[in-house]
Amino acid sequence: IKSDFHGDCHSTRPTTNATTNVTTTGQHPSLGELNTTNDNFFASPSSTENLQSDDRGVGDFVHHFRDDNDSVVTKITNESWYEKKYGKMDVNSLMAEERTVECLKREREEKHKEPKNQTYKNHWKRFCDWVKTNEVARIERSSVGSYLTRTNVDGYFGFIKETPHYSKASIKQCKLALQWYASNACANSSGFIVNSQIVEEVMGAGVKKVAQEVPHNAELKDMKSTEARARRSVPKYQYREEDQETLVEELEREEIVPVVPIAPSEPVKFDLVKDPNKHYIEEEAHLYHNPPIPSERTEGITPGELVGIPPPQPLPKLPSTGKCHWKFDEKQRVLLADFAPSQPNNEFAIDPEDEKFFLQMLERNDITVVSEGLISAKAMNPEVWKLQHLQSVLGQEYYHKFRRFDTYKNQNGFETCREIDGLYSMKIGDYIAYLSQRCRHLAGNGEDPKFTFIDCEGKENIIDDVKISAIYMIDLDINKSLPDMHSNFMECFRYPAVLPGGSYCMMNSVTPNARPFMGPNMYITPPAAFTHFHQDGHGTVDSGHFCLKGYNEVILLRRLTERHKKHALMILTGNFLNNGDKTHDYFDALYQVPHGDELGEKPAWPTKEQIEKCRQMGYCPTVVIIKPGQLIHINKGRLHAFRKMSPSPLPSHDCHEALREELIKERNITGEELCISVAWDWMFKGVTSAGINREVLSVLEASILNRKRGKMSLAIPEMALLQMAKFTPPIKAVDSVHHMGVSGMVGFIKNGQDIAKGIDARITNEACLGILPGLRHVVKEHVNTMEIASREACQSLLRGKRVTISKRPNTHENPSSFPVDPYGNNDFFCKLCNQELSNVYFHCDGCEQLLSKDFNICRKCHAEKMFCQTIQMHPSNPKRHSTLNHTGRMNYDRGSRCPCRNGPACKICHFCSGCSCRCHTWFTLHYRLFNKDEETALLARVEAATKAEPVEPDEPFHRYLDQAFTEARLENASRKYD
């Protein structure tokens, strides 16, 4: 390895011209530091100007060594051989340096001031020091290649980070150099010679890549073979001359940043703060009830040491209007609301007091609200709600989401159900035929138990016994597949405010085209199928589950912090009762698809003992059976599980054993009944200021956790907040058009005619007060991104440095010519982390210009350089080529006639499209809805609405409106628990 490996390129110029010895002024570290016995072990020539391929053997007779006075001397050996092959020796031309971009940079620095730092001069010495202090293998001549492995190179860079100041670029370039040596070293050679231009190859930004590795005093024929190998492995570098000055100026502006030393340390001590509150307060739960698990970074709290959470607040007095029957089960935490008495003559008329109480109870996630009477049975079309209708409309269509569950009896004679991995694909008509065959077989009509069907690929599938195997059809979109059924359902449902986009849904202010699909969906299955513990939308959405037929056994827990959710899963699905300190070996589906194959074997249904343990921890478990005609509301972030009830008896330890036995006797159930349900997701926004704030921050917190795990949030909280802010603030100023006689938009309403009353201003102000903390957080993040992009916007030629700012928001563009609909739902999720792109996003210039495709990423992924990877954009070709896919990780700097032969050169950046294109690291900042001034003004409108007619909330709620409190909670979600 060259002794002046990271020395200044200009410090090695000769000052004395001699035939055999040339004294230089370069300061080279002693090679003896590498623990070798020969100072001439590593020999290296200086670079030559315009070195040709035939000249690559010149390094064989140019060596550096130290004389008795510790001066560096360049010795020319084999002079006669050199003159015979190359002509008369000219030492000055031999030692001339290539004027590279990096050399130009250094020359400019030397004219004005001392070099910025000693990085380039000290790297070699530091590497030798590291070798001596971290010796992993004996350093001998024969073990150079085996020692300089990539592992050791990485270890060296862990060592140099202890130095206080380093340039990011120099560390990266030096690492590339050492890795080149590690991969090209000759382990068994007696010497190792590398041309000094390899130093310029990695340290400079625009050099000709010329390098060689030859044995010391080798024969000419051996040299030529080694040279050929070097030419193949290290090709020439070509660079556009017009880019040279720009790159030099950018390199001069490169900052020297301090690197914080990374040293092993003891785990940080963790002190658990006791909750001073008498009752559980969700807004403060992150302060007292989200301790970390013990790790190398922190001491944490083991599962056995984790204390329970405080009890919930007491339930207020139940209304007594007589138009709704209320019933509350304290033990199971179930609130039953029967609205059937409010429908005389089939007219649904909910009392305002009952409605207010109902909505306030939906805000409570420590209870489970089950309602009846919200569907008008008289308005349902019986012909639409039959399997024959599905057969006639969808019978010949394939559906691809069928899940299989096999039931067998254990050694105690009780039925146990096991979920089989994989999704079946079959025609809807075949599925209905399967249901009919199973029904006949269970009735004892001598029906063949074997069922055969053909999937969409033409493959024959066999169900050996229809009695044992239950096929579960999941997520059938009735709006798309059965529009008449969907239309009838919407007519029958008497309280659409709790449906997706309803008046109490956060998406109510969002245009339907911008909303993600949330149902309603239909689910059909024989009994015994189940869905184990999960949280809908990875904790970001509420859900409603309406039972049409059959019975659903349900378990729910209250909304918990991340740590307590995992602890609850340890209790319900793991071996917690046997080993209180066990932190693994449990069913963890917090961030998985409920019926995903990656979850492995599903655990047994929870026992009474496990439910009681959850009750002792304050998790408020609900164990209930949902009957036909009942609707259950599941708050966002609540762990829950479903099981379709069969008439077979349960073991005594099963948590539903008593409820099932009681229901079977009450309703005289003798055979199994097909289970059919309609379910949907939505974003309940709450009704009170405290409730709205709780719902908003809960979904924002869940979105942050999902991004950490690379999961897509089903909800769109940021978009909903921005759109709610547009509609909720009351306008107090007199409209300028009022005096023009055009303020009204309806001309057929007469004076004195009864019209609907306007929105209560107090409710609007409460909504503004509730969304304000979350809205401030969202706007602050967006504005910070805009300001940073404005400061750093440039047309840089460097990789990953170019940022362009869009002139106007997407909403200001002409929709007839602009390709993106800002009010649509396409491509407004980060391509890398799946985060919602509500307003500010970065658009890849390379994908736009080379692929004509959208590659949009969020502000955080751009700041973290997560785009520096290859992402397949072509539907079938995964090749790493800038004209086919997003190629953000091309580290070479080659132009036309590139030796990778995967070109041609890109027409935009002029680098090789196969290995060096930079276009996919250049981005444009887009505004989806608002620019900086507009978004800031929107926040000001909401703040003004809360001050114009302030609503006095409960006293504890005041502190939750503090922005610092909100930011601390959301930061805790992204930092504290992992």
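This note walks through a predicted model, point by point.

1. **The chain overall.** The chain holds 27 helices and 30 strands. It has 978 residues, and buried residues make up 54% of them. Now take the contacts with a separation of 6 or more. Residues 24 or more positions apart account for 74% of these.

2. **The largest nonpolar core.** This core has 131 residues. Which of them touch the most other members? They are Phe493, Tyr619 and Met683. Helix H22, residues 761–792, gives the most to this core, with eight residues. There is also a second, separate core of 26 residues. Its members include Cys844, Cys861, Met873 and Tyr927.

3. **Met683 and its contacts.** Set aside the neighbours within four places in sequence. Met683 is then in contact with residues from several stretches of numbering, among them Tyr504, Cys505, Met506 and Met507. Met518, Val541 and Asp542 are also on the list.

4. **His782 in helix H22.** His782 lies in helix H22. Is His782 buried or exposed? Its relative accessibility is 1%, so His782 counts as buried; the cut-off for buried is under 20%. The side chain of His782 makes a polar contact with the side chain of Ser838, at 3.3 Å. Beyond its neighbours within four places in sequence, His782 is in contact with Glu718, Leu722, Ser838, Asn839, Val840, Arg859 and Glu935.

5. **Cys547 in strand E19.** Cys547 is found in strand E19, residues 542–549. With 0% relative accessibility, Cys547 counts as buried. Look next at Ser677. Cys547 and Ser677 are 130 residues apart along the chain, yet their C-alpha atoms are separated by 4.6 Å. Ser677 is also in contact with Cys547, as are Asn552, Ile626, Lys627, Pro628, Gly629, Gln630 and Ile676. That list leaves aside neighbours within four places in sequence.

6. Helix H21, residues 717–727, is mostly covered. How many of its 11 residues are buried? Nine are. The crossing is left-handed. On the H21 side, Leu722, Ala725 and Lys726 take part; they meet Glu935, Leu938, Arg941 and Val942 in H25. Two of these residues, Leu722 and Glu935, are in contact with His782 as well.

7. **A helix pair: H13 and H14.** Helix H13 covers residues 387–394, and helix H14 covers residues 428–442. Their axes come within 8 Å and cross at roughly 150 degrees. Angles over 145 degrees count as roughly antiparallel, so H13 is roughly antiparallel to H14. H13 passes H14 in a left-handed crossing. Which residues meet here? Leu387, Leu390, Gln391 and Leu394 in H13 meet Ile428, Gly429, Ile432 and Leu435 in H14. Look at the spacing of these numbers as you view the pair. An α-helix has 3.6 residues a turn, so residues three or four places apart point the same way.

8. **Backbone details to check.** A cis peptide bond joins Gly519 and Pro520, with omega about 10 degrees. Pro520 lies in the loop between helix H16 (483–492) and strand E17 (521–525). Two residues other than glycine have a positive phi. One is Asp475, with phi near 60 degrees. Asp475 sits in strand E16, residues 469–477, and is partly exposed, with a relative accessible area of 26%. Another is Asn668, with phi near 55 degrees. Asn668 is found in the loop between helix H19 (657–667) and strand E24 (675–682). Asn668 is exposed, with a relative accessible area of 60%.

Definitions and conventions. Residues numbered from 1 in each chain as written. Predicted model: local features only at pLDDT ≥ 70, side-chain atom pairs only at ≥ 80, totals over all residues. Heavy atoms only, no water. Core = buried A, V, L, I, M, F, W, Y, C linked by side-chain atoms within 4.5 Å. Buried < 20%, exposed > 50% of the residue type's maximum accessible area, 1.4 Å probe, protein only. Helix = DSSP H or I, 4+ residues; strand = E, 2+ residues; numbered from the N terminus. Contact = heavy atoms within 4.5 Å. Polar contact = N/O pair within 3.5 Å; in protein donor to acceptor, adjacent residues only side chain to side chain. Axes fitted to C-alpha atoms, helices over the stretch in contact; angles between N-to-C directions. Parallel < 35°, antiparallel > 145°, perpendicular 65-115°, else oblique. Left-handed = near helix turned anticlockwise from the far one by under 90°.
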